[in-house]
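Please look over the sequence and the structure shown below before reading on. The paragraphs that follow go from the protein as a whole to single helices, pockets and residues.

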Amino acid sequence: MNSILLASAVLLGSISTALAAEIPSALPAAVAPVVVGPAPKAPAPKLVEPHLHIARSSVAGHARIALTFDACMGQADDRILSTLVRERIPATIFVTARWLRRNPAAIAVFLQNPDLFELENHGENHIPAVDTPTLIYGIASAGSPQAVRQEVEGGAAAMAAAGIPAPHWFRGSTAKYDLSAIGQIRAMGYRIAGYSVNGDGGSLLGAAITEKRIASARDGDVIISHINQPTHAAGEGVAKALVDLKVKGTQFVRLEDVEDMGDDKTTE
């Protein structure tokens, strides 16, 4: 009897071993859990904020300066506009389609004073001209070459609809770009307007510091400020600085009036 039991045990063990060898996956070993982390982020695009200068004055003691104003959205700042008209100070105004729709009275003033105002393209919807998705100062970029083209062409179309001559300069929202978008915009026939003096910090500075910044501009500088924030203190500072500069004998010019040079291949 014991011999029979022993033989049965040996036989069962042999069968179990054979089955285990033939179907090893039937009883898998413990597998470590797979840890899935967050997807790697796409690298942020390399952005540039181009500078622009104009040819310096040939008259000693009389600096030559180009005033440029962005009209992004909102209402016209009459403190600035009325000063420009009253003092006969020329300036280049960059307008968006959004701003044009809301400010017919200001547009009429611009068009009635062609000796003072050069109107240029600030885009359709005030979207940064960057062809990959990113945020700039909390504003979503155009995100693709097609969207960059729409921003530029949409702005120009709105200008034409308002009776404004075809623009030759473009300045995108935030004044930041990636190099590929700069190449695309230049291929569309535009020069890209950088600047050398940030006059009002996006219209967020106080009146006194804005006045000081603009009034300290030097020969050949291109000043950027805003003409679309009538409730901001910066506008008061801009208006005062314009008078300060005129008293000093400053020669004011528009971008179309003089030679210029921008970096990052924005004008050449």
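**A walk through the predicted model**

Among the contacts in the protein with a separation of 6 or more, 79% are between residues 24 or more positions apart. The model is a predicted one, and the protein averages a pLDDT of 89, with 84% of the residues scoring at least 70. Over residues 1-30, however, pLDDT stays under 50, and for this stretch the model has 0 contacts beyond four places in sequence. The secondary structure comes to 8 helices and 14 strands, and of the 268 residues of the protein, 45% count as buried.

Which residues of helix H4 are buried? In H4, which runs over residues 104-112, the buried residues are Ala106, Ile107 and Phe110. They cover an arc of only 100° around the axis, and therefore they sit on the same side of H4. The general rule behind such a pattern is that an α-helix has 3.6 residues a turn, so residues three or four places apart point the same way. On the face of H4 turned away from its buried side, the exposed residues are Pro104, Ala105 and Gln112. What covers the buried residues of H4 includes helix H2 (78-86), strand S4 (91-95), helix H3 (97-102) and strand S5.

H6 is followed by Gly189, a residue whose phi is positive, near 100°.

In general, most residues other than glycine have a negative phi. Ala175 has a positive phi of about 60° although it is not a glycine, and this residue lies in the loop between S8 and S9. Because its relative accessible area is 6%, Ala175 is buried. Asp264, again not a glycine, has a positive phi of about 55° and lies in the segment after strand S14 (260-262). Asp264 counts as partly exposed, because its relative accessibility is 30%.

The largest pocket has a volume of about 470 Å³. It is lined by 22 residues, of which the closest to its centre are His126, Tyr137, Thr174, Gly202 and His226. Sorted by class, this lining has 8 nonpolar, 12 polar and 2 charged residues. The second largest pocket has a volume of about 200 Å³, and of the 14 residues that line it, the closest to its centre are Phe117, Glu118, Leu119, Pro165 and Glu256. The elements that give two or more residues to this second lining are helix H4 and strand S5 (117-121), and S5 gives the most, with 4 residues. By class, the lining of the second largest pocket has 9 nonpolar, 1 polar and 4 charged residues.

Finally, some loop residues deserve a look one at a time. Ser203 lies in the loop between strand S11 (197-198) and helix H7 (207-215), and because its relative accessibility is 3%, Ser203 counts as buried. Not counting residues up to four places away in sequence, Ser203 touches His226, Gln229, His232 and Ala234; His226 is also one of the residues closest to the centre of the largest pocket.

Ala193 has its place in the loop between S10 and S11. Is this residue buried or exposed? Ala193 is buried, because its relative accessible area is 0%. Leaving aside neighbours within four places in sequence, Ala193 is in contact with Leu52, Phe94, Trp169, Phe170, Arg171, Tyr177 and Leu255. Ala193 and Asp263 are 70 residues apart along the chain, and their C-alpha atoms are separated by 10.0 Å.

Val59, in the loop between strand S2 (52-54) and strand S3 (64-71), is partly exposed, with a relative accessible area of 46%. Val59 and Gln251 are 192 residues apart in sequence, while in space they are 9.3 Å apart, C-alpha to C-alpha.

Conventions
Residues are numbered from 1 along each chain as its sequence is written. This is a predicted model: local features need pLDDT of at least 70, side-chain atom pairs count only at pLDDT 80 or more; totals for chains, interfaces and linings use all residues. Side-chain values use heavy atoms; hydrogens and water are left out. pLDDT is the predictor's confidence in each residue, from 0 to 100. Contact means heavy atoms within 4.5 Å. Buried means under 20% relative accessible area, exposed over 50%, partly exposed in between (1.4 Å probe, protein chains only). On a 1 Å grid over the protein atoms alone, a cavity is a set of points where a 1.4 Å probe fits but cannot get out, and a pocket is an open set with protein on both sides within 12 Å along at least five of seven lines; lining residues have an atom within 4 Å of a point. Grid points are joined across faces, edges and corners, and a volume is the space filled by probe spheres set on the points. Ala, Val, Leu, Ile, Met, Phe, Trp, Tyr, Cys and Pro count as nonpolar, Asp, Glu, Lys and Arg as charged, and the others, Gly among them, as polar. The arc is that of the directions from the helix axis to the C-beta atoms.
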